[in-house]
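Hi,

Here is the structure I promised to pass on to you. Have a look at it first, and then read on for what I found in it.

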Amino acid sequence: MSDCCSVNAKIGAAPAVMACPVNGARSKQVDMLTVKSLVRQLPLGMPDTQYYFCDASDCEVAYFASDPEAPRFRREDLVVRVGAKETTDPIPVCYCFGFTRQDIWDEIWRTGKSSVAERIAAEVGAGRCACEVKNPTGKCCLGDVTRAAKERMSGAMRFIKGERASDEY
Ligand SMILES: [Zn+2]
C-alpha cells in the first residue's frame, strides 16, 4: 500500500482508457482492490475483469468494466461521496486525511494560501496514505487538492481586483 501514490504503468490486455458506456466520458483504469474496497456491497460471483472509473459529474456510473456483462456500480453504491461527481458540499478531495473542498477554501479565506497539499505530501512521503483503498479514483489526491486550491486562489484574486469571480462566494 505504500506505493499507492506512485505512478506505475500497467501492462495488460485491457486498454488504459475506456469510454463510459453511459455518457461516453474517457475513464481511466482502477484496480479491483479499489472497487472491492469502496463498493458497499459486492455482488456474488464478481468476474475478474478490468474496471474503470467514470469521473463525470453528470453521470451516475462510478465503476464499469471492460467486460460489458460485469456489474456496474453507481455512485450511491460506494461507501464514500465521490468528489468528482458531487456538486454540493461536502465535496471530499482527500480521502485519506479527510480534507474537503470547503476545508481548502476556508484556509485560503483565513490565510490567503493553502497548506493542504504540503501537509498531505508529508504524509504521503512518510507512507501514511491509503489512496488505493480510500479514494474512489484509486489514485493520490494531491493533483485534485492542488487544483482546488489554485482555482480558489485565482477566483479570490479576481474578486479582489473587482472582477466577477467565476464561482459563487
Ligand atoms: Zn459515466
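Predicted model: local features only at pLDDT ≥ 70, side-chain atom pairs only at ≥ 80, totals over all residues.

Cysteine 54 and cysteine 59 are both buried.

Now for the overall layout. The protein has 169 residues, and 37% of them count as buried. There are five helices and seven strands, and along the sequence they come in the pattern β-β-α-β-β-β-β-β-α-α-α-α.

Five strands make an open sheet in the order 1-2-3-4-5, with antiparallel pairing. Strand 1 and strand 5 (73-74) are its edge strands, each pairing on one side only.

- Strand 1 (residues 17-19) runs antiparallel to strand 2 (residues 26-30), and three bridges join them. Alanine 19 stands opposite arginine 26 in strand 2. These two strands form a hairpin with six residues between them, and glycine 24 in the turn has a positive phi of about 80°.
- Strand 2 also pairs with strand 3 (residues 51-53), in the antiparallel sense and over three bridges. In this pair, glutamine 29 stands opposite tyrosine 52 of strand 3.
- Strand 4 (residues 61-65) pairs with strand 5 over two bridges, again in the antiparallel sense. Tyrosine 63 has phenylalanine 73 of strand 5 as its bridge partner.

One backbone detail is worth a look if you plan to set up the coordinates. The peptide bond that joins aspartate 89 and proline 90 is cis, with omega at about -5°. Proline 90 sits in the loop between strand 5 and strand 6. For context, most residues other than glycine have a negative phi, and most peptide bonds are trans.

On to the helices. Which residues of helix 2 are buried? They are Ile104, Trp105, Glu107 and Ile108. Seen down the axis of helix 2, these buried residues fall within an arc of 160°, so they line one face of the helix. Trp109 and Arg110 are exposed on the other side of helix 2. Just after helix 2 comes glycine 112, with a positive phi of about 85°.

Helix 3 (residues 116-125) has Val116, Ile120 and Val124 among its residues, and these three are buried. Down the axis of helix 3, the buried residues fall within an arc of 70°, so they line one face of the helix. An α-helix has 3.6 residues a turn, so residues three or four places apart point the same way. On the other side of helix 3, Glu118 and Gly125 are exposed. Glycine 127 follows helix 3, and its phi is positive, near 75°.

Val116 also turns up in a contact between parts of the chain: the C-alpha atoms of phenylalanine 99 and valine 116 are separated by 8.0 Å, with the two residues 17 apart along the chain. Phenylalanine 99 belongs to strand 7 (residues 99-100). Its relative accessible area is 15%, and phenylalanine 99 is therefore buried, the cut-off being under 20%.

How much space lies in the largest pocket? About 870 Å³. Its lining has 30 residues, and the closest to its centre are Asp55, Ala84, Thr137, Asp144 and Arg147. Strand 2, strand 6 (92-94), helix 2 (101-111) and helix 5 (142-160) each supply at least two residues of that lining. Helix 5 gives the most to the lining, with six residues.

Happy to talk any of this through.

Best wishes

How values were computed:
Residues numbered from 1 in each chain as written. Heavy atoms only, no water. Buried < 20%, exposed > 50% of the residue type's maximum accessible area, 1.4 Å probe, protein only. Helix = DSSP H or I, 4+ residues; strand = E, 2+ residues; numbered from the N terminus. Arc of directions from axis to C-beta. Pairing = 2+ DSSP bridges. 1 Å grid on protein atoms, 1.4 Å probe; cavity = no way out; pocket = protein on both sides within 12 Å on 5 of 7 lines; lining within 4 Å. Points joined across faces, edges and corners; volume = space filled by probe spheres on them.
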